[in-house]
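Dear colleague,

Please find below the structure for your records. My notes on it follow directly after.

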Amino acid sequence: MSRYRGPCFKKIRQLGALPGLTNKSPKDRKERRKQSGKKSWKLPVYRIRLHEKQKLRFHYGLTERQLLKYVRLAGKAKGPTGQVLLQLLEMRLDNILFRLGLAPTIPGARQLVNHRHILVNGRIVDIPSYRCKPRDTITAKDEGKSKVLIQNSLDSSRHKKLPDHLTLDPVQYKGFVNQIIDSKSVGLEINELLVVEYYSRQT
């Protein structure tokens with residue numbers, strides 16, 4: 001299944017806020033339901049799990065095959081599978097750029113990486129799924145176009161609070177990965193256990 005390239009509002013109306021997909025947000029679905037006077041109904045467990053899986057997939061901009069690969073990697077690693085899964089996704093280069101504010105969304109960060117605007121430890125990296133490690137330094141390529149693109153994003157995300165595992169030097173267009181992300185600093189409200197359960201029931 002290919003990566004989603006359709007309208008963003010369609011997905012956030014279905015799944016709720018997806019900050020990685022778009023920085024726009026629709027009206028809260030629960031609030032709309034209260035205003036319309038409709039009664040809420042109990043959803044099937046399968047649908048709840050599917051909802052959480054889709055939320056994770058569209059936020060990080062993954063294909064179904066990529067997400068399944070990450071779930072399998074997390075299952076083989078030490079520690080709770082759900083937490084390891086979120087750590088693997090959060091330490092992707094495209095997500096790190098987004099969390100630093102160097103790109104407005106994860107698709108925007110992916111484009112920066114694909115177009116070779118980003119250096120990791122002084123070397124060009126053009127693979128958005130590159131897994132960052134503690135003590136990695138992420139900088140803009142020393143070209144005017146690269147810095148203009150990143151400056152536009154920094155201007156729009158100036159008031160966002162950075163997670164503890166990252167540090168940003170906006171003057172030098174430089175970000176630092178201090179440590180592996182803590183589960184409390186994940187940039188998405190998600191029940192990762194439901195995602196793991198969804199895939200465990202598929203096999």
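Where is tyrosine 130 found? Tyrosine 130 sits in the loop between strand E2 (123-124) and strand E3 (137-140); helices (H or I, at least four residues) and strands (E, at least two) are DSSP runs, numbered from the N terminus.

This is a predicted model, in which local features need pLDDT of at least 70 and side-chain atom pairs count only at pLDDT 80 or more, while totals for chains, interfaces and linings use all residues. Residues are numbered from 1 along each chain as its sequence is written, and side-chain values use heavy atoms, with hydrogens and water left out.

Tyrosine 130 counts as partly exposed, at 25% relative accessibility (buried means under 20% relative accessible area, exposed over 50%, partly exposed in between; 1.4 Å probe, protein chains only). Leaving aside neighbours within four places in sequence, tyrosine 130 is in contact (heavy atoms within 4.5 Å) with Met91, Arg92, Leu93, Val120, Val125 and Asp136. Its C-alpha atom is separated by 8.0 Å from that of aspartate 94, 36 residues apart along the chain.

Aspartate 94 belongs to helix H6 and is buried. Eight of the eight residues of H6 (residues 93-100) are buried, so this helix is largely enclosed by the rest of the structure. Just after H6, glycine 101 has a positive phi of about 90°.

Yours sincerely
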